[in-house]
Amino acid sequence: MNSTPQNSLHPAIFADAQTLRAQAERLVTQMSEDEKFSWLSGPMAIPVGDTQKPAGAIGSAAYYPAIPRLGIPAMQQADASLGISNIGNVRPGDHATGLPSSLALGASFNTRLAYESGALVGREARAKGFNVQLAGGINLIREPRCGRNFEYVSEDPLLSGVMGGHSVAGIQAQGVVSTVKHFIANGQETGRVMVSSNLSEPAMRESDLLAFQIAIELGNPGAVMPGYNLINGDYASEHGFLINHVLKGQWRYPGWVMSDWGATHSTVKAALAGLDVQSGANLDDQAYFGQALRNAVKDGRVPQSRIDDMVTRILTSLLAVGILDQAEAESKPQPIDFSAHKLIAQRQAEEGIVLLKNDAGCLPIPQKRKRILVIGEHADHGVLCGGGSSAVTPLGSLKKQGTTIMGVGVDKVYQPAPLVAAIAEESSAEEVTFLDGSDIDLAVFEAGRSDVVIVFAQEWRSEGLDAVGLGLPGNQDALIGAVAAANRATVVVIQSGGPVLMPWKDEVGAILAVWYPGSGAAAAISGILFGRVNPSGHLPLTFPASESQLPRPEQIDPETTTSNPGMPRKGGIIPIDYDIEGSDVGYRWFAREGLKPLFPFGFGLSYTQYEISGLNVAYGEHIKTSVQVMNSGKRAGKLVVQCYVARLGEEGFVRRLAGFAKVDLDAGQHSIAELELELRVFARYEEGPDGGGFKIATGTYRVWAAQHAEAEDAYQDIVVDEDRFIAP
Ligand code: BGC
């Protein structure tokens, strides 16, 4: 048995934070004020409007100049979590491996894959000369329609924190700083620079903050990026409570805090709240961390020690991942093994694809099917990739018109992944017909004369835009419904940036959620369709049955607000009440309200069957569990064991993911999976005179093991007879 438990990693690049900081401080004493200030604010390092790419910049999100006399290299910062982006083709012709979206990472429940995919991003970044990667989308998915959900892992704090933390660790093991973002509660893109995410402290501690806390503990990211939004009325970039008190104070975070691009709003307030760098300063209305900060130091409004601390923090993180030891030659472009990286992307896609429905005999597609019809826009070319700063354009990408963010055109990218060719190759069909789906009548006619129909449905999302509703765009619902009526053996493969509604669910034979599946998609998807690969992904977020089930069914009209920085502001600050669900995000909200989703969190079918029994829970300093697992079916597979907890009798503490593991099991194999559960998931956060903390209150807790959030395969009740406090 090969098992990847959630806590398989204890990297400790900041283990010796004090020594690293002392080393950084010594360097800072040798820096001139000009040198220090050259690192505290910078423009986007791509030409935008009147701003040119700075000399020395490779061309990416940001560049800060080297200080050669002190052996300090330039900082070249690139986006993002899913590969190395090349926004606006600033590095003409440069390309990279496209990883599946972070939702696929969450769906894999596989920490080893998270680490490996992070390592891929780190290797490609370093090979291209970047040493800071703006990677690590840890935001909890509170709004299933959010345009950037494809950059985020899940709706659960444990899953997001653990998977994100492993991915960060993988990046940094390559000598590249990783940046978790967007700290915190950057829940939607519509009006993202105008919305205030309002949430009580206990709720944020148990949800959005907990996700970041776990990711930071596991991954030790060198940098943290607050988002564009406000939290309880203060901009994230100047939020003294979140940055100074929680992050740098309580969590003793030794790295630096960089604003999002064009998200700085003040000099003194931001500097004293703990912001260390004004990023994308050309998008802000003022050079807040330029001359204004120098003036503030001169007249005593910001102490010199704060400036030194800002630079010290940056250097501490660079030292921690070894950037100051990297030879200059190493920071020049190096070859990349794209074939090996494509295989990593493929493995991640394979484990992140979720089989949602499968009528008997539909999937895997039997080899006797002779006529296969494939339908879907550009399915002969490739697969969608999410838009915005994180879009990755592997060689051969197809670029269609997308949107504009901050004056830069954002393409709708189809990454090369020839699905139709892969299907033809993997099957023994005599005929594989391809249609783009624009002509429904033709699709219905062809479906009627085919043995099986595969529809590649798609929903493109981008930074700066939320999805309007959860329906598939255009005529796709009508197309799927009509095709399925003509041929029940219809397999719908959904490429999406989140959940979608499925009015045709009961009419089709099988459904796969493949997210944005990346460079290895063709082999991954055809492998699952024809059974070379056994699906093992599980939903990292709830698929609602309708938008009326959401805590906030209504959406803001994007025309009434401003969503991007550097743009004239329309309307006022928009409060978003996240206290409606509080810390009960996603499936916890559905459980608390007794709502039945279309597909629950954690759900995913396989071509085999598993049994879980005999759960044993030992409550002590740690909470350790062991559970018997068995593959009772006829083929090898990977089971995702999920442990949930409820405090019996406490309203509102009805279901929380406390641990998970992915276990490889051969056909017929029994095994024991051992999981350590996250203590803080058993706790409620209480505010108190000493700053508050997590409290596991006395009472009875039910722990159960299951294969999704609405199941219970084996349980044990444990009695906690003494209140237990855990530092925040
Ligand atoms: C995004 C960040 C990104 C930055 C730099 C912003 O628009 O919100 O996630 O890292 O741009 O490209």
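Ala80 sits in the loop between β3 and α3 (102–108). In this predicted model, the peptide bond leading from Asp79 into Ala80 is cis, with omega near -5°. A cis bond also joins Lys181 to His182, where omega is near 0°. His182 belongs to strand β5.

Most peptide bonds are trans, and most residues other than glycine have a negative phi. Asn232 has a positive phi, near 50°, and is not a glycine. Asn232 lies in the loop between β8 (230–231) and β9 (234–235), and its relative accessible area of 40% makes it partly exposed. Arg252, also not a glycine, has a positive phi of about 50°. The loop that holds Arg252 runs between α8 (240–250) and β10 (256–257). Arg252 counts as exposed because its relative accessibility is 70%, and the cut-off for exposed is over 50%.

## Domains

The protein is divided into domain 1 (18–331), domain 2 (347–529) and domain 3 (608–726). The centres of domain 2 and domain 3, taken over C-alpha atoms, are 35 Å apart.

## Nonpolar cores

The largest nonpolar core contains 108 residues, and those with the most contacts inside it are Trp256, Trp261, Leu315 and Leu318. Helix α11 (residues 304–320) gives the largest share of this core, eight residues. Domain 1 (18–331) and domain 2 (347–529) each contribute at least three residues to this core. A second, separate core has 56 residues, including Ile612, Phe660, Leu675 and Ala683.

## Cavities

Rolling a probe the size of a water molecule over the atoms shows where empty space is left. Five cavities of 30 Å³ or more are counted, and the largest cavity holds about 270 Å³ of space.

The lining of the largest cavity consists of 27 residues, and those nearest its centre are Met44, Asp79, Ser389, Met406 and Glu463. By type, the lining of the largest cavity divides into 13 nonpolar, seven polar and seven charged residues. Strands β3 (75–79), β5 (177–183) and β15 (408–416) each supply at least two residues of this lining. Domain 1 (18–331) and domain 2 (347–529) each provide at least three residues of the lining of the largest cavity.

## Phe130

Phe130 occupies the loop between α4 (111–127) and β4 (132–134). Phe130 counts as buried because its relative accessibility is 1%, and buried means under 20%. Not counting residues up to four places away in sequence, Phe130 touches Ile58, Gly59, Ser60, Gln76, Gln77, Ala78, Ile84, Arg91, Ala125 and Val176.

Phe130 and His182 are 52 residues apart along the chain, and their C-alpha atoms are separated by 20 Å.

Lys399 is in strand β14 (residues 398–405). Lys399 counts as partly exposed, at 42% relative accessibility. Beyond four places in sequence, Lys399 touches Thr393, Asp411, Lys412 and Val413. Gly222 and Lys399 are 177 residues apart in sequence, and the distance between them, C-alpha to C-alpha, is 33 Å.

Gln716 is in strand β29 (residues 714–720). With a relative accessibility of 23%, Gln716 counts as partly exposed. Leaving aside neighbours within four places in sequence, Gln716 is in contact with Leu615, Asn616, Val617, Tyr701, Arg702 and Val703. Gln716 and Arg21 are 695 residues apart along the chain, with 46 Å between their C-alpha atoms.

Key. Residues numbered from 1 in each chain as written. Predicted model: local features only at pLDDT ≥ 70, side-chain atom pairs only at ≥ 80, totals over all residues. Heavy atoms only, no water. Domains from an automatic or database assignment. Core = buried A, V, L, I, M, F, W, Y, C linked by side-chain atoms within 4.5 Å. Buried < 20%, exposed > 50% of the residue type's maximum accessible area, 1.4 Å probe, protein only. Helix = DSSP H or I, 4+ residues; strand = E, 2+ residues; numbered from the N terminus. 1 Å grid on protein atoms, 1.4 Å probe; cavity = no way out; pocket = protein on both sides within 12 Å on 5 of 7 lines; lining within 4 Å. Points joined across faces, edges and corners; volume = space filled by probe spheres on them. Nonpolar A, V, L, I, M, F, W, Y, C, P; charged D, E, K, R; others polar. Contact = heavy atoms within 4.5 Å.
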